[in-house]
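Please read the following points with the sequence and the model open beside you.

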Amino acid sequence: MISVNLSAIFYLVSGVLFILALRGLSSPETSRQGNFFGIMGMIIAITVTFLSIGNFSIGFIYVLIFLLIGGLIGAFIAYKIPMTAMPELVAGFHSLVGLAAVFVAISAFLNPEAFNLGTSGNIKLGSLIEMSIGAAVGAITFSGSIIAFLKLQGIMSGSPITFKGQHPLNALILIAIVILTYLLCSTQSSNLFWILLVTSFLIGFLLIIPIGGADMPVVISMLNSYSGWAAAGIGFTLENTALIITGALVGSSGAILSYIMCKGMNRSFFNVILGGFGATEQSANLSSKEQRPVKSGNAEDAAFLMKNASSVIIVPGYGMAVAQAQHALREMVDTLKKNDIKVSYAIHPVAGRMPGHMNVLLAEANVPYDEVFELEEINNDFANADVAFVIGANDVTNPVAKTDPQSPIYGMPVLDVEKCKSVLFVKRSLSPGYAGIDNDLFYKENTLMLFADAKKMTEDITKNI
Amino acid sequence: MEIDPFIFRLSIFILSIFIGYYVVWSVTPSLHTPLMSVTNAISSVIIVGAIIAALAGNSDSVFNTSSIFGFLAISLAAINIFGGFLVTQRMLAMYKKKKKGK
């Protein structure tokens, strides 16, 4: 058994290690060390908890067993998961943090003596408020992440699910949660605690269903943030510094990522959260557009264009992830490089289904990270490049965002692909992107459409170079 | 008059938000996915609460309603801790610089 003060200091140390873990991610060189700091912080926190309880009886053995079961499942998932499924994995993990927070809150509510929070039915007011907030946010994180997971997995349709009176209903439930929390704190009734949990699960579910698949980068970041706030809420209840620090770090991290993603789409956070984007414009747009001619080509044409280029910029998008084309793409680039062609990659902030999604896939395919550039870094280079190779991206290249104030994506930062001498567009069909907007780029003089599966087309091009 | 310990915790919380703000802005965009998986792993330090909850039962009855929730939370958090750190490590190992060993 170690003293309360000593364990508090160790919790502080583990909090500091978590800060260093995030700090390490400022560059790929220091990132591995950062992850090591994170692991150390976790080991310290867990060990100190055991020592401060000082109860190494039969219960301790069971704790280790449950820890081991979870650990084995986690390790198994971590080794098996394909990199393209990273968004689903992260959404799934968020739901677990949320549920764990709910369980800890339930346990603390049922047995407050164990946490020094007063007695059952007479819990300290401050603790009860913190506990309710932690539990409610945890529950929202859980059910919201489950929906996000199902949408990303394709088990549930990625298109927004909207119904009449959705927003008033959500607002009503949110108000109900606040009132329930207030009543719970004044009456200590356990029935109210359960009702609060159920309503929170419900609102998490309702908040995410109207949000479309392509807005998932914002949703995942937001749920990341929520899982942090839930942890912080529980941290206040347990008076644990490590949890409070971590909760605050994760909460602000998720919030910043949501902000970056919203900015990448030029949309306000509320616009994304209210959802339904792309559900209405689609039909209107399709009917009003007349048939316009497009130039389509095959792998040989594409190979010819690239062989004669001196610099090529690759623009990957979600379609590359779906087709698992990253390895084929790297092979194509290797062949190009052998022919002394300069190749770089341009990544739009919202390419893919989560922040940094494309970067991970390219890294998996052994693309060196110093060939991969963000939008601001590379956008001026398009004018000097010979070929832009757009693979699985669409809306993020649409020049309409710069020219047509009527367009729903007007003002969104886009990659200036049209400035290239020629544009190669790998796509399955002419169908518009998630925003339901026709891409002017398809009809440009210097655009060659390559209608095929991204992976197959890339492989064919490689053969022809 | 003594300051309520809650105020101290609140101070830590607020300052940590600021630290988080500056540290996360300095994370390079290409590492945003590992950032999410590692924040996932560290937020599972909630396992500390789960352990306290699980060990709250007395020695003759390890499992009661309250402690069972603790045990379940331990497993959930452990999935996240192991899964989160390991998948982050796996991802970070893939980030390489140009032309090494070529």
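1. Helices here are DSSP runs (H or I, at least four residues), numbered from the N terminus. The model is a predicted one, in which local features need pLDDT of at least 70 and side-chain atom pairs count only at pLDDT 80 or more, whereas totals for chains, interfaces and linings use all residues. Residues are numbered from 1 along each chain as its sequence is written, chains are lettered from A in the order in which they are written, and side-chain values use heavy atoms, with hydrogens and water left out.

2. The size of an interface is often given as the accessible area lost when the parts come together. Chain A and chain B bury about 8,200 Å² between them, and 78% of this lies on carbon and sulfur atoms; the area is found with a 1.4 Å probe and summed over both parts. Chain A brings 102 residues to the contact and chain B brings 78 residues, where contact means heavy atoms within 4.5 Å.

3. One salt bridge is found across the interface of chain A and chain B, the term standing for a side-chain nitrogen of Lys or Arg within 4 Å of a carboxyl oxygen of Asp or Glu. A:Glu239 forms a salt bridge with B:Arg9, and their closest N and O atoms are 3.4 Å apart. On the side of chain A that touches chain B, the largest share, 17 residues, comes from helix 3 of chain A, and the residues of this side divide into 66 nonpolar, 26 polar and 10 charged. In this scheme Ala, Val, Leu, Ile, Met, Phe, Trp, Tyr, Cys and Pro are nonpolar, Asp, Glu, Lys and Arg are charged, and the others, Gly among them, are polar.

4. A pocket is an open set of points on a 1 Å grid over the protein atoms alone, with protein on both sides within 12 Å along at least five of seven lines, and its lining residues have an atom within 4 Å of a point. The largest pocket has a volume of about 880 Å³, a volume being the space filled by probe spheres set on the points. Of its 27 lining residues, the closest to the centre include A:Tyr11 and A:Glu239. Helix 1 of chain A gives the largest share of this lining, seven residues.

5. A cavity is a set of grid points where a 1.4 Å probe fits but cannot get out. The second largest cavity has a volume of about 50 Å³, and its lining includes A:Asn359, A:Tyr369, B:Ser30 and B:Tyr95. By class, this lining has six nonpolar, two polar and no charged residues.

How values were computed: Buried area is the accessible area (1.4 Å probe) that two parts lose on being put together, summed over both. Helices (H or I, at least four residues) and strands (E, at least two) are DSSP runs, numbered from the N terminus.
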